[in-house]
Amino acid sequence: MRLTQVRDFVMVVECGSVRAAARKLGISQPTVTKSVRSLEAELHVQLLGRSSRGIVLTPAGRSFFARARVAHSELRKAEEEAAQATGASGGTVALGIGPVAIALLLPAAMASFRRQFPLARVRVVEGLAHALLSSVRDETLDFAVGLKAGKELDAAFKFRPLYRSALAVCVRRGHPLRHARSLAELVDADWLFTSSLALADGAAERMFRSAGLEPPQPVIRCESYHSVITMLAKTDMVGLLQRLILRESSMRNLLEEIVLGDATPALTVGIFSRADTPLTRAAAAMVKHLVTAARPLMLER
């Protein structure tokens with residue numbers, strides 16, 4: 001089995017067709033087709049099939065792709081590391097990051113990273129941490145930045161804290177419940193949570209139970225932080241957001257915090273990476289710049 005065969009196979013699957021893979025690799029379609037077929041011949045199994053929608057993985061292909069994708073990613077990183085050891089300022093970084101961290105950390109971190117690695121290519125995937133971890137696991141992403149849930153961390157990952165962020169009960173400006181001063185006054189409201197806060201034993205549930213209240217069932221659970229903000233700003237729903245985001249002028253114009261006598265939880269925002277795989281020089285540098293950007297937030301609540 002040759003490395004080019006694995007590369008070509010992974011590219012065909014990721015691109016969805018031989019034509020697109022050949023275009024991305026800069027080689028001819030017949031060359032890609034021959035490479036994949038020779039790989040199947042050596043493995044004595046069919047990896048790819050065809051359907052009306054194009055290329056599809058066979059059951060054997062799905063199993064092989066899960067391993068091949070990680071191996072290909074490691075080889076790419078090894079190649080970049082070798083180049084960077086000679087002082088090259090290129091490379092690639094793929095990171096997942098939540099919308100709050102994008103607003104609070106990414107602009108400063110990216111600016112300083114670009115000064116250090118002016119030729120590097122950076123891919124940013126926005127999302128909530130629990131939805132990004134599968135991509136960190138299979139090395140589609142180098143690391144992810146987001147909230148750490150109260151549960152014990154999967155042994156496949158390591159976590160580096162960046163800052164603590166208190167949660168705030170938020171509503172639209174002029175909301176009829178904006179003068180409430182206890183969770184008991186809000187327990188019957190229509191609640192809206194992100195999925196990470198709505199999960200069993202999540203922050204929302206713990207907040208209500210610590211106040212001696214049965215947690216309300218959220219009317220809506222969102223996978224998108226922007227959806228939460230839009231829904232809160234344009235309806236009478238009540239939700240939990242990181243308090244730090246309210247200091248952004250765009251948020252202050254849309255939402256206000258209900259200041260409660262009950263304690264609201266503080267969660268840790270940090271960096272998730274694979275426990276068994278070192279970051280490339282470029283990815284490690286991006287982490288360093290994110291840590292620097294987070295320092296002013298460490299003392300805020």
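**Cysteines, cores and ring pairs**

With a relative accessible area of 27%, C15 is partly exposed. C170, by contrast, has a relative accessible area of 0% and is therefore buried. In this predicted model, the cysteine sulfur closest to that of C170 belongs to C222 and lies 14 Å away, which is too far for a bond, because a disulfide needs two cysteine sulfur atoms within 2.5 Å. A search of the whole structure accordingly returns 0 disulfides.

The nonpolar side chains come next. In soluble globular proteins, nonpolar side chains tend to be buried together. Here the largest nonpolar core holds 46 residues, of which L105, F113, F143, V145, Y163 and L241 touch the most other members. Two or more residues of this core are given by each of the elements β3 (92–97), α5 (99–104), α6 (106–116), β5 (143–148), β6 (157–172), α10 (225–234), β11 (266–274) and α12 (281–294). The largest share, 9 residues, comes from α12.

Which arrangements do the aromatic rings adopt? A search of the whole structure finds 6 aromatic pairs. One of them joins F9 and F65 in an edge-to-face arrangement, with 6.2 Å centre to centre and 75 degrees between the planes. This pair links distant parts of the chain, since F9 is in helix α1 (residues 3–15) and F65 is in helix α4 (residues 59–84), 56 residues apart. Both F9 and F65 are buried, and ring pairs link these two residues and F64 into a cluster.

W191 and F208 form another pair, whose ring centres are 5.2 Å apart; their planes stand at 85 degrees, and because an angle over 60 degrees counts as edge-to-face, the pair is classed in that way. Here too distant parts of the chain are linked, with W191 in strand β7 (residues 191–194) and F208 in helix α9 (residues 203–210), 17 residues apart. W191 counts as buried because its relative accessibility is 0%, and F208 is likewise buried, with a relative accessible area of 0%.

A ring can also lie under a charge: the charged end of K148 sits over the ring of F159, 5.9 Å from its centre.

Technical notes:
Residues are numbered from 1 along each chain as its sequence is written. This is a predicted model: local features need pLDDT of at least 70, side-chain atom pairs count only at pLDDT 80 or more; totals for chains, interfaces and linings use all residues. Side-chain values use heavy atoms; hydrogens and water are left out. Rings of Phe, Tyr and Trp (its six-membered ring) pair if their centres lie within 6.5 Å; planes under 30 degrees apart count as stacked, over 60 as edge-to-face and the rest as tilted. Helices (H or I, at least four residues) and strands (E, at least two) are DSSP runs, numbered from the N terminus. Buried means under 20% relative accessible area, exposed over 50%, partly exposed in between (1.4 Å probe, protein chains only). A charge sits over a ring if NZ of Lys or CZ of Arg is within 6 Å of the ring centre and within 35 degrees of the ring normal. A nonpolar core is a set of buried Ala, Val, Leu, Ile, Met, Phe, Trp, Tyr and Cys residues joined through side-chain atoms within 4.5 Å.
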